[in-house]
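Thanks for making the time. I will go through one model, starting with its charged pairs and ending with its surface.

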Amino acid sequence: MNPLAMNEGFSTTMKALVYQGPGRRTWEDRPKPGIVEATDAIVRITTTTICGTDLHILKGDVPTVRSGRILGHEGVGIIEEVGTNVLTFHKGDKVLVSCITSCGRCGFCRKGMYSQCLAGGWVLGNRIDGTQAEFVRIPYADTSLYALPAGTDDEAATMLSDIFPTGLECGVLNGQVKPGDFVAIVGAGPVGLAALLTAKLYTPAEIVMVDLDSNRLEVARSLGATKVVNSSEGRAVERIMELTTGAGVDVAIEAVGVPATFDICQSIIAPGGRIANVGVHGKPVELHLERLWSHNITLTTRLVDTVTTPLLLKMVEAGRLDPAKLVSHRFGLSEIMKAYDTFGNATKERALKVLLTNAGGSAAKLGM
């Protein structure tokens, strides 16, 4: 019997986490992706994770995600196949999958605004199938994948797919964090903690973390937050104004995506300060311009462009940044339903980032 025929059933299907509409997800067999365009690559996922944005999708907050979509936009893997026009990568290369797809040619890409790419942007796990699967198709592979140096830790690298460039670009850089600033980060989830770790690089005088979860606040303190405020008591604004002797903060980073946390940022910003929105908002918020119009504030929004990914990789390689500190739970990829339950109950489970490993599973099936 032809050995290829014996393996045909294994090589043409894979397991994947599929969104089935608000509140519904399944772990099921799906066709293995193939090359569609000459600029594509097929990546066998070795490590992936779950993002807070995936939880927003499951709540129905992201209408562009249709039922039947494979979720996930983060991961590390091994290239299995490349299209004829892929020049940078080859079969067997270990790569970081960027959460943002970039054609590299359109006007937005030429400005470094990869998130607004006319042919890409945030498509993985949104408009095309994503990385919470054994295999994923990556469009525009040359400009949407990053080669990983030998010896790079998979766990650390996976954190650079999304949360670290998001915290740095949407929070720290948009907030223009400077030496001596008083910075408040509202939301001590993975992205908020990534903003904390990257904000420290700019030597602000104070970084106060605000959250409902006392465990996450303790983690924030261990990672370098100078002060923490538990907002469950309903006195977060009052407490921060006390800490700043009534002046307010220079930078407020919103890292949750709900009206209550955005309101905190509006209420604590000092004249001349910067509010950097990071959170994914599924509901309208009220902008209090009746108070802020005369305060010379700057309000920024941004979808991560991942322009800082090469820099972050260098910092990890040099030992200046350890993103793996945010990994709290580890699962096999086949345990992804349990991983979602854990991540979705973060307070009870004391969860930060959950890591999913597909070590050798698909490689063994394919005889690789």
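Lys-32 and Glu-80 form a salt bridge, with their closest N and O atoms 2.5 Å apart. Lys-32 sits in the loop between β2 and β3 (41–49) and Glu-80 in strand β5 (residues 75–82), so this pair ties together parts that are 48 residues apart in sequence. Glu-80 counts as buried because its relative accessible area is 12%, and buried means under 20%. Please keep in mind throughout that this is a predicted model.

Lys-32 has a second contact to report. It lies over the face of Phe-135, at 4.7 Å from the ring centre. What did the search of the whole structure find in the way of aromatic pairs? It found zero.

Back to the charged pairs. How many salt bridges does the count come to? The count is 17. I will take two further examples and one network.

One of them joins Lys-15 and Asp-29, whose side chains meet at 3.5 Å, N to O. Lys-15 belongs to strand β1 (residues 13–19) and Asp-29 to strand β2 (residues 25–31), so the bridge ties together parts 14 residues apart in sequence. Lys-15 is partly exposed, at 27% relative accessibility. Asp-29 is partly exposed as well, at 49%.

The other example is Arg-330 with Glu-155, a salt bridge of 2.7 Å, N to O. This one links distant parts of the chain, with Arg-330 in strand β15 (residues 327–332) and Glu-155 in helix α5 (residues 154–158), 175 residues apart. Are the two partners buried or exposed? Arg-330 is exposed, with a relative accessible area of 51%, whereas Glu-155 is buried, at 18%. As for the network, salt bridges with shared partners join Arg-235, Glu-238, Arg-239 and Glu-242.

Ser-98 is in the loop between β6 (94–97) and α3 (107–110). With a relative accessible area of 3%, Ser-98 is buried. The C-alpha atoms of Ser-98 and Leu-145 are separated by 5.9 Å, although the two residues are 47 apart along the chain. Not counting residues up to four places away, Ser-98 touches His-73, Leu-124, Ser-144, Tyr-146, Ser-161 and Thr-306.

Thr-306 has a phi near 65°, a positive value in a residue other than glycine. Its place is in the loop between β14 and α12 (309–317). At 2% relative accessibility, Thr-306 counts as buried. Gln-176 is another non-glycine with a positive phi, of about 50°. Gln-176 lies in the loop between α6 (163–173) and β9 (182–186). Gln-176 is partly exposed, at 43% relative accessibility.

One more serine is worth a mention. Ser-231 is found in the loop between β11 (227–230) and α9 (236–243). At 19% relative accessible area, Ser-231 is buried, and the limit for that class is under 20%. Outside the four places on either side in sequence, Ser-231 touches Val-210, Asp-211, Leu-212 and Ala-236.

Now a helix. Which residues of α10 (residues 259–268) are buried? They are Thr-261, Phe-262, Ile-264, Cys-265, Gln-266 and Ile-268. The elements that cover them include β9, α9, β12 (249–254), β13 (269–277), α11 and β14.

Last, the surface. Leu-287, Leu-289, Trp-293 and Leu-299 make a nonpolar surface patch of about 440 Å². Where is Trp-293 placed? It is in the loop between α11 (289–292) and β14 (298–300). Trp-293 counts as exposed because its relative accessibility is 66%, and exposed means over 50%.

That is the end of the tour.

Terms used
Residues are numbered from 1 along each chain as its sequence is written. This is a predicted model: local features need pLDDT of at least 70, side-chain atom pairs count only at pLDDT 80 or more; totals for chains, interfaces and linings use all residues. Side-chain values use heavy atoms; hydrogens and water are left out. Rings of Phe, Tyr and Trp (its six-membered ring) pair if their centres lie within 6.5 Å; planes under 30 degrees apart count as stacked, over 60 as edge-to-face and the rest as tilted. A charge sits over a ring if NZ of Lys or CZ of Arg is within 6 Å of the ring centre and within 35 degrees of the ring normal. Patches are made of residues with over 30% relative accessible area and no salt bridge: like charges are joined within 9 Å, nonpolar side chains (Val, Leu, Ile, Met, Phe, Trp, Tyr) within 5 Å. Accessible areas come from the Shrake-Rupley method with a 1.4 Å probe; for residues, only the protein chains shown count as cover. A salt bridge is a side-chain nitrogen of Lys or Arg within 4 Å of a carboxyl oxygen of Asp or Glu. Helices (H or I, at least four residues) and strands (E, at least two) are DSSP runs, numbered from the N terminus. Buried means under 20% relative accessible area, exposed over 50%, partly exposed in between (1.4 Å probe, protein chains only). Contact means heavy atoms within 4.5 Å.
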